[in-house]
Amino acid sequence: MVDVRQPADTTSVVPWTAVSVVMIGMFMAILDSYIVVVAGPAIRADLGASEGQLQWILAGYQLSYAVLMITGGRFADMYGRKRIFILGAAVFTLSSIVCAAAQTPGTLIAARVVQGLGAALMVPQVFAMIAVLVPEQGRHRVFGVLGVVIGLATIGGQLIGGLLIGADLFGSQWRGVFWVNVPIGLVTILLAAKYVPESRAAGARKLDVPGVLALSAALILLTFPLIQGREAGWPWWTWVCFAASAVAFRLFVAIERGVDRAGGDPLVQLALFAQRSFAVGIVLVLCVYAFLTSYYLALSISMQEGLGLSALGAGLVYAPAATTFFVFSMVASRLMPKYGRRVLEVGAIVVATGYLTTVVVLLYGPEITPALVIPLLMLQSLGGGLLITPMLSTVLSRISPDSVGTASGALSTAQQVGGALGVAVIGAVFFASFHPDADGSAAAAGHAFAMASLATFVLAIVASVLVFLLPAAVRAK
């Protein structure tokens, strides 16, 4: 049993076998936030899912992942990181089987929520295992590899999803994007059981159950009417939910303050928000991740239902942008030590310019085609690589070592919350503007994607302002 209080090994030998195994869990969890995007139109057609149900298939995973991530880390501190990682991988794998076998949208949504729980149990253990198992001298190499793993999972999701659906292995169609998790999950469980040592935190912190319940209620009360309200015609209960969400958020803050005053372990340390870099940074993270998953859902539906492309064809439309993102992510990592916040500033401006250009071209230019969209996506991804990759490390650079774990968990939660809210808001804008029966498929896709780009541009402008509000002296570590 490894105790987190023990000093790190003085050598620089990295236990790559154990580290690589837990990174597989990270890859699966992140991939499943994006691989389902390209499968959306096929799922909608096969299961007869409504627009709101399709949004829940994405947002349900992100919400449960977000709310329970910090709790997953605390379970591991109490009961053992290896044990909780294996439990998370098992939950993720079993729920993937249910997803693949789902015959109704409701079953798929429920399975996706459970799948998010599995991700929430796995992902925190990756960072904890690195901290416990890797000597300090070798951590920069491990985090470099982890960055590549996260990048590949993020940018490869749509392409991998398109390949799996296009291959139609054993007649699985869209179900292949879930079946693929099963062999990977089983191998991960077996390798973790053999190669990953157990570890547990000394003096593990207690669970903040009231905080988890209050935050869950607040997010559900906010997200549910955002997704279902448009289809229902915005009845009275949607506004009641919004008001109740505000009350639940205030209750969450009160609970966290009370736990902190009592000397307990709050889900979120509110004292972190006294630091401008963190307070501004967490809103920045919410805004940026709000337009990632949601925007590419709009792209996937525009390409498949609007232009008639296959899932693989839609994935290939994104491939040049994915490559651009990856290249400029590497560029950003080299520029950050010298230029710091300026890299984020340039990235934010280019991102906003990319979305505004997309709006103008789609509304006033020729009819939408893959050849028209690809360079626009590449411009957006150029800025995204400069902004998104160094953003988290920049926000964390002024956090004290004692608080960096809690701050990292809060930012990871903000990523998933932002993604879920983005699916709700930008998804609502897109579907409200997409009328293929009245306007024709291609024209409807061009107009709806332009409206989604306009909504995303607004978020990008907010993100740009927030970048300039970050402390100028911040440098990524």
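**Briefing: surface patch, core and loops**

On the surface, Val-327, Val-331, Leu-335 and Tyr-339 make up a nonpolar patch, and their accessible area together is about 280 Å². The model described here is predicted. Its largest nonpolar core holds 146 residues, and the structure has zero disulfides.

- Met-336 counts as buried because its relative accessibility is 3%, under the 20% limit for a buried residue.
- From Met-336 to His-447 the separation is 111 residues in sequence, and the distance in space is 38 Å, C-alpha to C-alpha.

**The largest nonpolar core**

- In soluble globular proteins, nonpolar side chains tend to be buried together.
- The residues with the most contacts inside the 146-residue core are Leu-108, Phe-278 and Val-288.
- The helix that gives the most to this core is H1 (residues 16–47), with 18 residues.
- Val-288 is in contact with Leu-387, Ile-388, Met-391 and Ala-463, when its neighbours within four places in sequence are left aside.

**Cysteines**

- A disulfide is a covalent bond between the sulfur atoms of two cysteines.
- The count of disulfides in this structure is zero.
- Cys-241 has a relative accessible area of 15%, so Cys-241 is buried.
- Cys-287 counts as buried too, because its relative accessibility is 11%.

**Two loop residues with positive phi**

- Asp-168 is not a glycine, yet its phi is positive, at about 50 degrees.
- Asp-168 sits in the loop between helix H5 (139–167) and helix H6 (176–179).
- With 32% relative accessibility, Asp-168 counts as partly exposed.
- Trp-234 likewise is not a glycine and has a positive phi, of about 55 degrees.
- The loop that holds Trp-234 runs between helix H8 (209–232) and helix H9 (236–261).
- Trp-234 counts as partly exposed because its relative accessibility is 34%, which lies between the 20% and 50% limits.

How values were computed. Residues numbered from 1 in each chain as written. Predicted model: local features only at pLDDT ≥ 70, side-chain atom pairs only at ≥ 80, totals over all residues. Heavy atoms only, no water. Patch = residues over 30% accessible without salt bridge, like charges linked within 9 Å, V, L, I, M, F, W, Y side chains within 5 Å. Areas by Shrake-Rupley, 256 points an atom, 1.4 Å probe, with all protein chains shown as cover. Salt bridge = Lys/Arg side-chain N within 4 Å of Asp/Glu carboxyl O. Disulfide = S-S within 2.5 Å. Buried < 20%, exposed > 50% of the residue type's maximum accessible area, 1.4 Å probe, protein only. Core = buried A, V, L, I, M, F, W, Y, C linked by side-chain atoms within 4.5 Å. Helix = DSSP H or I, 4+ residues; strand = E, 2+ residues; numbered from the N terminus. Contact = heavy atoms within 4.5 Å.
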